[in-house]
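Subject: Structure handover and findings

Hello,

Here is the structure I promised to pass on. My notes follow below it.

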Amino acid sequence: MVSSSPGAARSGLYYFSQGWKLVTLPGIRRFVILPLLVNILLMGGAFWWLFTRLDSWIPTLMSHVPDWLQWLSYLLWPIIVISILLVFGYFFSTLANWIAAPFNGLLAEQLEARLTGATPPDVGVFGMMKDLPRIMKREWQKLAWYLPRAAILLILYFIPGIGQTVAPVLWFLFSAWMLAIQYCDYPFDNHKVPFKTMRSALRERKVTNMQFGALTSLFTLIPVLNLVVMPVAVCGATAMWVDCYRNKLASWR
């Protein structure tokens with residue numbers, strides 16, 4: 001199976017939908033199992049705990065709505081719920097990606113070989129252990145880029161009016177961009193493309209990547225589907241790498 005039309009302009013929706021098809025490919029499914037198990041255990045447990053706490057959290061947060069916005073409470077309530085889900089979902093999806101990073105990188109590597117018709121690299125515990133320091137360093141780079149920006153957005157949530165209206169929209173857009181970075185980075189890092197170079201490349205196709213990240217973010221909010229979205233997003237991002245970036249950047253390796 002060779003990816004068609006390298007460099008062709010495709011939407012983020014296309015690559016996200018491709019991810020759902022690619023995870024089922026014979027020979028690829030076995031590399032999906034470990035990321036899938038990590039996501040199911042962590043996200044499943046986390047969201048079960050969250051839903052047991054929402055009944056007490058929502059009234060507390062609504063009490064901070066200023067009097068002049070009380071007439072919008074029927075709209076603000078769902079916005080607050082979605083905001084909690086977005087922040088919570090992104091936090092635990094980040095944690096799951098940290099734990100599953102070596103397996104996600106392996107999945108991206110094997111799928112890229114499948115899409116390009118190349119010989120798949122040998123898979124072994126020694127090879128994974130050798131790459132582990134580089135993979136973890138890359139995860140730290142992403143976290144260092146993410147934390148100060150996330151902190152600023154979280155502060156906005158405590159500003160009356162802005163925290164209940166503007167902040168959720170900004171957080172969703174930021175989460176979409178960060179998830180595009182998170183999942184696209186696996187094939188980029190496999191080719192040792194520097195983190196800064198990767199971000200610059202993604203900005204050149206920002207609309208496509210924002211669409212991809214937004215869909216990934218939305219699916220992290222949907223029960224059951226959020227348990228399988230991690231390997232789907234890795235596969236979709238790898239297909240995007242092959243079509244849009246590989247010919248230009250693969251020489252970094």
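A definition first: buried means under 20% relative accessible area, exposed means over 50%, and partly exposed is in between (1.4 Å probe, protein chains only). By that rule K192 is partly exposed, because its relative accessible area is 43%.

Ground rules. This is a predicted model, where local features need pLDDT of at least 70, side-chain atom pairs count only at pLDDT 80 or more, and totals for chains, interfaces and linings use all residues. Residues are numbered from 1 along each chain as its sequence is written, and side-chain values use heavy atoms, with hydrogens and water left out.

**Overall picture**

The protein chain has 8 helices and 0 strands. Helices (H or I, at least four residues) and strands (E, at least two) are DSSP runs, numbered from the N terminus. Along the sequence the pattern reads α-α-α-α-α-α-α-α. The chain has 253 residues, and 51% of them count as buried.

The protein chain exposes about 12200 Å². Carbon and sulfur atoms supply 71% of that area. Accessible areas come from the Shrake-Rupley method with a 1.4 Å probe; for residues, only the protein chains shown count as cover.

Contact means heavy atoms within 4.5 Å. Take the contacts between residues at least 6 apart in sequence: 81% of them join residues at least 24 apart.

**α1 and F16**

F16 lies in helix α1, residues 12-22. F16 counts as buried because its relative accessible area is 3%. Which residues does F16 touch, not counting those up to four places away in sequence? They are F212, L215, T216, F219, V229 and V232. F16 and G213 are 197 residues apart in sequence, yet 8.8 Å apart in space, C-alpha to C-alpha.

**α5 and the loops on either side**

Start with the loop between α4 (125-156) and α5 (166-190), where I162 lies. I162 has a relative accessible area of 35%, so it is partly exposed. Neighbours within four places in sequence aside, I162 is in contact with L156, A167 and P168.

L170 is in helix α5. L170 is also partly exposed, with a relative accessible area of 35%. Leaving out residues up to four places away in sequence, L170 touches L153 and L156. L170 and L156 are 14 residues apart in sequence and 9.6 Å apart in space, C-alpha to C-alpha.

S175 is in helix α5 too. Is S175 buried or exposed? S175 counts as buried, because its relative accessibility is 2%. From S175 to A214 is 39 residues in sequence and 7.5 Å in space, C-alpha to C-alpha.

Now back to K192. It is found in the loop between α5 and α6 (195-204). K192 has a positive phi of about 60°, although it is not a glycine.

**α8 and T238**

T238 is found in helix α8, residues 229-249. This helix is mostly covered: 18 of its 21 residues are buried. T238 is buried, because its relative accessible area is 0%. Sequence neighbours within four places aside, T238 is in contact with A108, L111, E112, L115 and P187.

The side chain of T238 has a polar atom 2.7 Å from the backbone oxygen of V234. Where does α8 bend? It bends at V242, by about 50°. The bend at a residue is the angle between axes fitted to the seven residues ending there and the seven starting there.

**Cavities**

The search used a 1 Å grid over the protein atoms alone, and a cavity is a set of points where a 1.4 Å probe fits but cannot get out. Lining residues have an atom within 4 Å of a point. Grid points are joined across faces, edges and corners, and a volume is the space filled by probe spheres set on the points.

How many cavities of 30 Å³ or more are there? The count comes to 2. The largest cavity holds about 50 Å³ of space. Its lining is made up of A101, G105, I135, R138, E139, K142, D185, Y186, D189 and N190. Three helices, α3 (73-116), α4 and α5, each supply at least two residues of that lining.

Best wishes

How values were computed. Polar contact = N/O pair within 3.5 Å; in protein donor to acceptor, adjacent residues only side chain to side chain. 1 Å grid on protein atoms, 1.4 Å probe; cavity = no way out; pocket = protein on both sides within 12 Å on 5 of 7 lines; lining within 4 Å.
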